[in-house]
Amino acid sequence: MSDTDPATPRESPGRDVRIRGADERSLAAVLDRPDVSTVDRSVSYECLSEGRRNADWLGVPVADLVDAVEVPPATTHLVVESRDGYRSCVAVDEALEGLLALERDGAKLDHPRFLAPGIEGPRAVKDVAALTAVALDPDEDRSEYETSGSDSTDSE
Ligand SMILES: Nc1nc2c(c(=O)[nH]1)N[C@H]1C(S)=C(S)[C@@H](COP(=O)(O)O)O[C@H]1N2
Ligand SMILES: [Mo]
């Protein structure tokens with residue numbers, strides 16, 4: 001037996017995205033497929049410290065990615081988490097209109113980026129590592145699921 005198993009494909013580091021609904025899946029194979037179906041979206045967002053920014057993004061619709069797992073019917077939000085643990089909590093209807101961007105203004109991104117129409121800057125998570133379906137109670141504050149909500153101190 002050799003140390004490395006040639007039958008196990010190596011995931012490109014920094015590119016895997018986990019999706020967690022009723023079950024958990026890796027999206028690496030989907031995102032790395034050369035013929036993955038993508039959309040173009042112009043999205044602008046407000047950074048509390050730097051002002052409004054606009055860019056053209058090319059990416060994979062979140063709705064297509066979510067199809068890979070069973071999303072529990074009680075789901076209210078998707079928690080979008082970066083590789084270094086930065087988190088935002090986005091209403092599921094809003095998140096399903098969004099995309100995991102692979103290019104910004106025609107330039108390839110090193111890591112997938114979450115965008116959605118009308119998203120607040122702090123919730124446009126860079127270097128996405130996981131999307132997790134959560135069910136919040138009506139009286140629950142989504143900022144408890146976030147590193148920093150759009151109302152708190154800006155991290156950039
Ligand atoms: N992983 C991660 N994503 C992040 C942040 C961060 O600190 N870490 N900052 C957020 C904030 S506050 C803003 S305004 C935007 C800024 O994105 P830009 O530099 O591409 O305009 O990224 C958001 N996404
Ligand atoms: Mo920001």
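Where is the place of Asp105? Asp105 sits in the loop between E7 and E8. This is a predicted model, in which local features need pLDDT of at least 70, side-chain atom pairs count only at pLDDT 80 or more, and totals for chains, interfaces and linings use all residues. Residues are numbered from 1 along each chain as its sequence is written, chains are lettered from A and ligands numbered from 1 in the order written, and side-chain values use heavy atoms, without hydrogens and water.

**Fold**
- The chain has 3 helices and 9 strands (DSSP runs, H or I of at least four residues for helices and E of at least two for strands, numbered from the N terminus).
- Their order along the sequence is β-β-α-β-β-α-β-β-α-β-β-β.
- Contacts count when heavy atoms lie within 4.5 Å. Among those between residues at least 6 apart in sequence, 62% join residues at least 24 apart.

**Surface and burial**
- Of the 156 residues in the chain, 39% are buried (under 20% relative accessible area; exposed is over 50%, partly exposed in between; 1.4 Å probe, protein chains only).
- The chain exposes about 8,700 Å², and carbon and sulfur atoms supply 47% of that area (Shrake-Rupley method, 1.4 Å probe; for residues, only the protein chains shown count as cover).

**Cysteines**
- A search of the whole structure finds 0 disulfides (pairs of cysteine sulfur atoms within 2.5 Å).
- Cys47 is buried at 7% relative accessible area.
- Cys89 is buried at 0%.

**Nonpolar core**
- The largest nonpolar core has 33 residues (buried Ala, Val, Leu, Ile, Met, Phe, Trp, Tyr and Cys joined through side-chain atoms within 4.5 Å).
- Residues with the most contacts inside this core are Leu31, Trp57, Phe114, Leu115, Ile119 and Val128.
- Elements that each supply at least two core residues include strand E4 (51-61), helix H3 (92-95) and strand E8 (107-115).
- E7 gives the most, with 4 residues.
- Beyond its neighbours within four places in sequence, Val128 contacts residues including Val17, Val80, Leu100 and Phe114.

**Second largest pocket**
- The second largest pocket holds about 180 Å³ of space (the volume filled by probe spheres set on grid points joined across faces, edges and corners).
- A pocket is an open set of points on a 1 Å grid over the protein atoms alone, where a 1.4 Å probe fits, with protein on both sides within 12 Å along at least five of seven lines; lining residues have an atom within 4 Å of a point.
- Its lining includes Arg15, Asp32, Arg33, Glu103 and Lys108.
- Helix H1 (28-32), E7 and E8 each give two or more lining residues.

**Backbone**
- Asp105 has a positive phi of about 45 degrees, although it is not a glycine.
- Asp127 has a positive phi near 50 degrees and lies in the loop between E8 and E9.
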